Amino acid sequence: MSNQPLKVFVIAGEASGDRLGAAAMAGLKSLAGDVEFRGVGGPMMKAEGLDSQFPMHELSLMGLMEILPKYFHLKRRIREVAEAAIAWKPDVVLTVDSPDFCLRVADIIKARSNIRVCHYVAPSVWAWRPERAEKMAARVDQVLALLPFEPPYFEAHGLRCDFVGHPVVSEETATAKDVREFRDDHGIGEAPVVLVLPGSREGEIARLSPTFGAALDLFSASHPDARFALPVAHGRMESIRAQVAQWDVDPILIPAENAREKRAAFKAADVALAASGTVSLELAANDTPMVIAYRMNLLTQYIVSRKLMIDTVTLVNLVSETREVPEFLGSRCTAEKIAPALVRLLETPAAQARALDLTMERLGRGGEAPGVRAARAILEGLRE
């Protein structure tokens, strides 16, 4: 690198992207030394030296009904961010997840400059809509992937793609002392603990909670001493309380702000019932056996089922190349099917042990931190 500071324009649109962006920024500073950052990010990226162009929460929107009222505002922000990047002439633009926003910014940058664009978090082209890999090749110069099997999908279209490890391998887990305190604080003793994870979005909570509650009731018939713990996502305590009030079991509700207790619950759990998503990797990191269940709205389910290219949606199954984690999707997402699977898993928890361990090994546990690996890949890409 030259004696000039490395100029990196970073864009993230939600909390998970803020974490990834901050880790990559820290990695760049450790490897490249003098680095200057501009762009859009949240509190974690600001702590690493970013002066955000505007508050990141303006971009943290999910779903058509949330986006429509903000459509013209978001279009203006896309243009403003692209203009700022082009005017600054950075060495690289690092876009982090939030593809609906970030890749539209990348389109403008690539149309009007030769600035290098690197996108962090590969879209799930291995699951559905594989044509996105070819489209990415026209919009960015490099992709940083979280999953080890993703690079070939992009390399087939001439796009550099680096597997940099999944951030879950660097996340703190509870100690044995934390677990004991959790059990003591809630009077659990040695009773089995079932972790309940019905999702973080209002729609999925509403769809899954009745089924989850019924499954736990059936489960408790064979394990009446079992206790249930439910970590609640930010801003969802009111809706969760309303849902679990209709259950026959009474879970311990853990507020999102209590990160220490959430970690303890993940580690203390003997089994988990979880909605489909990256939470399966959090469970794997805690060696917690799991049953996965999910139901979409009918229209979305119909569209996805016609395009889906994989026989499992559980990341632990995909990364470990096993099918050890049972999943109940769509019409199979019923209490009568889920409860016996939970009972079997509680009685034979070691059945998933190898798959969970293999998943974490393949995601990079024990190796260089993902943020440093991401930074190293960015710098190598600049030297191409």
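Colleague: Which buried residues lie on one side of β7, and which on the other?

Modeller: This is a predicted model, in which local features need pLDDT of at least 70 and side-chain atom pairs count only at pLDDT 80 or more, while totals for chains, interfaces and linings use all residues. Residues are numbered from 1 along each chain as its sequence is written, and side-chain values use heavy atoms, with hydrogens and water left out. Five of the five residues of strand β7 (residues 193-197) are buried (under 20% relative accessible area, 1.4 Å probe, protein chains only), so the strand is largely enclosed by the rest of the structure. Both faces are covered, with Val193, Leu195 and Leu197 on one side and, on the other, Val194 and Val196.

Colleague: Which residue in β8 is the bridge partner of Val194?

Modeller: Strands here are DSSP runs of E with at least two residues, and helices are runs of H or I with at least four, both numbered from the N terminus. β7 and strand β8 (residues 227-231) pair in the parallel sense over three bridges, where pairing requires that DSSP finds at least two bridges. Within β8, the partner of Val194 is Phe228.

Colleague: What does the twist average from one strand to the next in the open sheet of six strands?

Modeller: The strands of this open sheet follow the order β2-β1-β3-β4-β5-β6 with parallel pairing. From one strand to the next, the twist averages 20°.

Colleague: What angle does the direction of helix α4 make with that of β1?

Modeller: Helix α4 (residues 71-88) packs on the sheet, where its contacts (heavy atoms within 4.5 Å) are with β1 (6-12), β2 and β3. With axes fitted to C-alpha atoms, for helices over the stretch in contact, and angles running from 0 to 180 degrees between N-to-C directions, the angle between α4 and β1 is about 175°.

Colleague: How are helices α8 and α11 oriented towards each other?

Modeller: Helix α8 (residues 176-185) packs with helix α11 (residues 259-268), their axes being 9 Å apart and the angle about 95°. Because angles of 65 to 115 degrees count in this class, α8 is, relative to α11, roughly perpendicular.

Colleague: Against which elements do the buried residues of α5 pack?

Modeller: The 14 residues of helix α5 (residues 99-112) should span 20 Å at 1.5 Å a residue (1.5 Å times one less than the number of residues), which agrees with end C-alpha atoms 19 Å apart. Its buried residues include Phe101, Leu103 and Ile109. They pack against β1, α4, β3, β4 and α6 (131-139).

Notes. Angles under 35 degrees count as roughly parallel, over 145 as roughly antiparallel, 65 to 115 as roughly perpendicular and the rest as oblique. Buried means under 20% relative accessible area, exposed over 50%, partly exposed in between (1.4 Å probe, protein chains only).
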